[in-house]
Amino acid sequence: MSNKRITIFYDVVSPFSWFGFELLRRYQSVWNGVDVALQPFFLGGVMGASGNKPPATNPYKGAQMLKEIPLFGKMYDIDIGNPANFPEKSLHAMRILQALKLQGSDKLTAVSLAFWKLYWHDKKSIESKDDLQAYLAPIVGDAAATRLVQHDSQTSEVKQALADATKEAVDVHGAFGAPWFVVENGNETMTFFGSDRMEAIAFFLGEKYLGPCPPGYKRESSKL
Ligand SMILES: N[C@@H](CCC(=O)N[C@@H](CS)C(=O)NCC(=O)O)C(=O)O
């Protein structure tokens, strides 16, 4: 284990979490000595506990976000669109991701990306068990998809683990939004809010930031 480490707290209802998650994926092969930990959390809970409000509740912030998201999608080479219905409650989706994390599944990344695609590209519902199951099945198999949606995501252990991660993000790491990064550089720990903080994260880690599509990045790896 390296002494440099990034933990990303993310929620699939959040488009900026998608950008941040994807950028980290691209930099994993560039920043070789940096460990990355994925931590699903529930953004609705973060908003409540930190006394913040979703940006779109302010019409000016909402309008600016709607202009920025497609531009950032192009800049990051991510096929992001608009959900059919925004915002939706991501609790069930995030519990499924938390269940995968507790199971030590190597499918956490693939399923997280599939859920962003489901909601932010394919205009499906992250509240719909059928939609979630349909996107899980090709990745984990039919039986595991059914089990994750119907059972694994509903256990008190998983519900508590997601609530604990959300509380830790706010109480310990000062989170008020997503994505939230907790970064250790070997000497100290620093937190960062937003996918647009990659350059600052690189500086803090003593690594190089080489833009949104660094060497080694293959277009197909992120295209839908
Ligand atoms: N500038 C940040 C914006 C991130 C952002 O707006 N995240 C939303 C969720 S999608 C949020 O949590 N906002 C809380 C706030 O703006 O206070 C970025 O580029 O990632």
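Ile6 is in contact (heavy atoms within 4.5 Å) with Leu24, Trp31, Val34, Asp35, Val36, Ala37, Phe181, Val182, Val183, Ile201 and Leu205, leaving aside its neighbours within four places in sequence. The model is predicted, so local features need pLDDT of at least 70 and side-chain atom pairs count only at pLDDT 80 or more, whereas totals for chains, interfaces and linings use all residues. Residues are numbered from 1 along each chain as its sequence is written, and side-chain values use heavy atoms, with hydrogens and water left out.

**Nonpolar core**

- Ile6 is among the residues that touch the most other members of the largest nonpolar core, together with Tyr10, Trp31, Leu97, Phe115, Phe181 and Ile201. This core has 66 residues.
- Helix α5 (residues 108–120) contributes the largest share of this core, eight residues. Helices (H or I, at least four residues) and strands (E, at least two) are DSSP runs, numbered from the N terminus.
- A nonpolar core is a set of buried Ala, Val, Leu, Ile, Met, Phe, Trp, Tyr and Cys residues joined through side-chain atoms within 4.5 Å.
- In soluble globular proteins, nonpolar side chains tend to be buried together.

**Ser14**

- The UniProt annotation "active site", from an unreviewed entry, covers Ser14. Such annotations may be inferred rather than shown by experiment.
- Ser14 lies in the loop between β1 (4–10) and α1 (15–28).
- Ser14 counts as buried because its relative accessibility is 4%; buried means under 20% relative accessible area, exposed over 50%, and partly exposed in between (1.4 Å probe, protein chains only).
- Not counting residues up to four places away in sequence, Ser14 touches Leu43, Trp116, Trp120, Ala178 and Pro179.

**Ligand surroundings**

- The ligand is surrounded by 14 residues (a heavy atom within 4 Å). The closest are Asn52, Gly177, Ala178, Ser195 and Asp196.
- An oxygen atom of the ligand lies 2.8 Å from a polar side-chain atom of Asn52.
- A polar backbone atom of Ala178 is 2.8 Å from a nitrogen atom of the ligand.
- A polar backbone atom of Ser195 is 2.7 Å from an oxygen atom of the ligand.
- On its own, the ligand has 500 Å² of accessible area (Shrake-Rupley method, 1.4 Å probe), and the protein covers 85% of this area.

**Ala169**

- Ala169 is found in helix α8 (residues 156–171) and counts as buried because its relative accessibility is 0%.
- Although Ala169 and Phe9 are 160 residues apart along the chain, their C-alpha atoms are separated by 7.4 Å.
- Ala169 touches Phe9, Phe41, Gly174 and Ala175, not counting residues up to four places away in sequence.

Definitions and conventions. Polar contact = N/O pair within 3.5 Å; in protein donor to acceptor, adjacent residues only side chain to side chain.
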